[in-house]
Protein chains: 2
Amino acid sequence: MAEHSDPRPPASETLVTDLAEALRSGKYRALAQAVSLIERDDGRADRLLADIYPATGRARIVGITGSPGAGKSTLVASLAKYYRGQDKKVGIIAVDPTSPFTGGAILGDRIRMADLYTDRGVFIRSMATRGFLGGLAKATNDVVDLLDAAGFDIVLVETVGVGQDEVEIIRTVQTNVVVLVPGMGDDIQAIKAGIMEIGDIFVVNKADRPGADRTVTEVTMMMSLVEEHGDWIPPIVKTVASTSQGTEDLDAAIVKHFEHIQSSGELDRRNRERVRIRIETTLKEKFISRLRAATPDFNAILDDVLHKRNNPHDAAEALLARASFE
Amino acid sequence: MAEHSDPRPPASETLVTDLAEALRSGKYRALAQAVSLIERDDGRADRLLADIYPATGRARIVGITGSPGAGKSTLVASLAKYYRGQDKKVGIIAVDPTSPFTGGAILGDRIRMADLYTDRGVFIRSMATRGFLGGLAKATNDVVDLLDAAGFDIVLVETVGVGQDEVEIIRTVQTNVVVLVPGMGDDIQAIKAGIMEIGDIFVVNKADRPGADRTVTEVTMMMSLVEEHGDWIPPIVKTVASTSQGTEDLDAAIVKHFEHIQSSGELDRRNRERVRIRIETTLKEKFISRLRAATPDFNAILDDVLHKRNNPHDAAEALLARASFE
């Protein structure tokens, strides 16, 4: 990218090149190192990501979204084991702060997932830490790219589905699975909150509990109220993730959905949207630092707002008026 | 703001002026209408916010942060009732998607909070819906402004404390209360995840449970490891929110913290930070729409990234290079 008069690239450049190479050949340790660069917001992360970007585009990216307590992590673990049985490499990215993968763990969950942690065909990362520069959505997409370039077949992204970051993340997956549980008053609330429109597949987990069929009926009814489905009608899959019941059905639904969006052109649309969001997210962060650098009187502008001589909205407008576009 | 040759302002302008006036005089219905404008991202919301901005700055803004299940909402309800006993007006903004205020309610919680819902001195709003244009943090700050201008004395903002939006929200409150519960393995994890540094006050809720004193000890120990506290040592308050036990102590801690940051200059610093974040958040959104309008070949750029001829990072850089700053 950058031009150097010295033919021998500096050490950091070598590191990035070597790391990219090791990553593409699927080295687990390189992957862990690369993720660390992103987490530390190391300056070399962007160059690494640019380097490996052409090797991306093969992984299936599946979102698993639902309220805390719906059993998302158990479902993710169950799916991961299923894919491992097919010798597929599985990435797990936990964005939900209450996910057992994040550490908000009940001991039983941890034990159930222990074998995943020691399997080199599984890469687990929690993104629920504070302060990713450039945002959680960008960091999540970057890690998806790393996993993709490292030859991971499937990346499962676990989110609560609320908040701008998470909505951005959901908009960048290929298939979104919404997980509900029977007998919880918040199912209908979640549906009201708009989760209905983002679900490509609905799972009624803990389906051995009373009320599972009622939840299925409720989802079916709510679905009939949603105007726009295109030609895909989201299936409803019953699972008991703790015993892996229904995992195969869920995988079948995911495969079917992927084939559908591939043939209908929806996959292209989603991939485009993913790229658009990624470019814009990066742009926003870079714009702010550029503008700040070009605004020596930023503090005076800030003072005006602080002392009510101006308001945040008009201050932003005035600052933006200083930037001109080609 | 805009100039009109017709001396009679158009209907929408009258609406904003009237609404701002009604809001400043504390009319509950005006407040509800104004919040709706923000939620719908109505074009008039910005003008209304600019209009009422000079009337802001009196409310105390308190964040209540903690994992789902920690009892934040019950604590918020208990604080709200306490303030109502002092005839203070209380705003409650629930950002946590699992908050009973949001609808993820257990029936008992709802009943416990029922009297708050019918009290015109309490305004409750859940922000846990998808798709606030300009982001959840911006919308939350805007609603805080409305409550502030409407004469609300205290605004309690309930968050999980994870994700960029929520971290942004926490950075804009005056006092942040971190809620922990005894006997949950995730306490220490939450602390590790950085919650330690954001707490001005720690609450060990459900303090009638076994292990409460151990949690207090753990927090005290972790606190000694945090390098930077300034001259404020966060107190640890034990509460049983469901019986209002400890609520008075918590209020006392909040008052004490406010007096401390007021006299130490930290309040000014936080208010400045709040203004900075608000300006920058608005700037980012406006920049993107401006840049898009000035980039007719945006789709071609997007195609290049989609087909791996370019990567998102370099595409963003190239786009940014088209904007010039005074």
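**Exercise 1.** In this predicted model, find which residues of H2(B) meet which residues of H3(B), and describe the contact by residue class.

*Solution.* Begin with the residues themselves: on the side of H2(B) they are B:Ala34, B:Leu37 and B:Ile38, and on the side of H3(B) they are B:Arg44, B:Ala45 and B:Leu48. Sorting them by class then gives 5 nonpolar residues, no polar ones and 1 charged residue for the contact of H2(B) with H3(B).

**Exercise 2.** Work out how the axes of H2(B) and H3(B) are arranged, and which hand their crossing has.

*Solution.* As for the hand, the crossing in which H2(B) passes H3(B) is left-handed.

**Exercise 3.** Compare the span of H4(A) with its expected value, and determine how many of its residues are buried.

*Solution.* Helix H4 (residues 72-85) of chain A consists of 14 residues and reaches 20 Å from its first C-alpha to its last, which is close to the 20 Å expected at 1.5 Å a residue. Turning to burial, 10 of the 14 residues of H4(A) are buried, and the helix is thus mostly covered; among them are A:Leu75, A:Val76, A:Leu79 and A:Tyr83, together with A:Lys72. Beyond the helix, H4(A) is followed by A:Asp87, whose phi is positive, near 65°.

Conventions:
Residues are numbered from 1 along each chain as its sequence is written. Chains are lettered from A and ligands numbered from 1 in the order in which they are written. This is a predicted model: local features need pLDDT of at least 70, side-chain atom pairs count only at pLDDT 80 or more; totals for chains, interfaces and linings use all residues. Axes are lines fitted to C-alpha atoms, for helices over the stretch in contact, and angles run from 0 to 180 degrees between N-to-C directions. Helices (H or I, at least four residues) and strands (E, at least two) are DSSP runs, numbered from the N terminus. A crossing is left-handed if the near helix is turned anticlockwise from the far one by less than a right angle, and right-handed if clockwise. Two residues are in contact if their C-beta atoms, placed from the backbone, lie within 7 Å. Ala, Val, Leu, Ile, Met, Phe, Trp, Tyr, Cys and Pro count as nonpolar, Asp, Glu, Lys and Arg as charged, and the others, Gly among them, as polar. The expected span of a helix is 1.5 Å times one less than its number of residues. A residue is buried if 20 or more other C-beta atoms lie within 10 Å of its own, exposed if 12 or fewer, and partly exposed in between; C-beta atoms are placed from the backbone.
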